Amino acid sequence: MIARHCASLGLALGLISPAYRAVAAQGVQRENTAPAPIRPNSRFTLTPTQNTWASLLLDSSTGRIWQVHFAVSDSSYAGRLALNEEAFAPPAAARVGRFTLQETQNIFTFLLLDQDDGRVWQVQWSNDADKRGVIRQLSESIR
């Protein structure tokens, strides 16, 4: 997208910094790629956010979630940040596929569903530590 915009302004791609070329290439590549298939028995799933640099890593057996960032330069943050340290299922009840993440219209907010008992949590990812985490439980167990 950046490369197309620069070309329309009559700028040669060679005049753009290497970092901008990398971002432009990733933007074009992301538009043309399909999400990786998820095995039905996958304990961990990676859910993209609308932010090019951030995804959410879910432990589908316990409900633990991490915010995962990648970067194209050493000066940008790349790594994993915990959204919730506590498991939402006790070890005896944990099983692969128990928890799923659902995107919402708010790019920072996802819903975490316990498929065994119907509990739902509002999850917020953010670069600010005080704005990231499990915000609230929206639904109690349905029995």
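This is a predicted model: local features need pLDDT of at least 70, side-chain atom pairs count only at pLDDT 80 or more; totals for chains, interfaces and linings use all residues.
User: Which residue forms a salt bridge with Arg 64?

Analyst: The closest N and O atoms of the pair are 3.5 Å apart. That passes, because the cut-off is 4 Å. Arg 64 sits in the loop between E2 and strand E3 (65-69), and its partner in the loop between strand E4 (79-84) and E5, so the bridge ties together parts 21 residues apart in sequence. The partner counts as exposed at 57% relative accessibility, and it is Glu 85.

User: How many residues apart in sequence are the parts that Arg 43 and Asp 59 tie together?

Analyst: These side chains form a salt bridge, with the closest N and O atoms at 2.7 Å. Arg 43 is partly exposed at 39%, whereas Asp 59 is buried at 2%. Arg 43 lies in the loop between helix H2 (18-31) and strand E1 (44-48), and Asp 59 in strand E2 (residues 54-59), so the separation is 16 residues.

User: Is Asp 114 buried or exposed?

Analyst: Asp 114 lies in strand E6 and Arg 98 in the loop between E4 and E5. Their side chains meet in a salt bridge at 2.8 Å, N to O. Arg 98 has 5% relative accessibility, so it is under the 20% cut-off. Asp 114 has 0%, so it counts as buried.

User: Which residues are linked with Arg 98 and Asp 114 in a network of salt bridges?

Analyst: The whole structure holds 9 salt bridges. The Arg 98 and Asp 114 pair belongs to a network.

User: Which are the edge strands of the open sheet of 4 strands?

Analyst: The order is E5-E6-E7-E8, with antiparallel pairing. The twist averages 30° from one strand to the next. An edge strand pairs on one side only, which leaves strand E5 (99-103) and strand E8 (133-139).

User: Which residue in E7 stands opposite Thr 109?

Analyst: Strand E6 covers residues 109-114, and strand E7 covers residues 120-124. The two run antiparallel and are joined by 5 bridges. Thr 109 belongs to E6, and opposite it in E7 stands Gln 124.

Conventions: Residues are numbered from 1 along each chain as its sequence is written. Side-chain values use heavy atoms; hydrogens and water are left out. Two strands pair if DSSP finds at least two bridges between them. Axes are lines fitted to C-alpha atoms, for helices over the stretch in contact, and angles run from 0 to 180 degrees between N-to-C directions. Buried means under 20% relative accessible area, exposed over 50%, partly exposed in between (1.4 Å probe, protein chains only).
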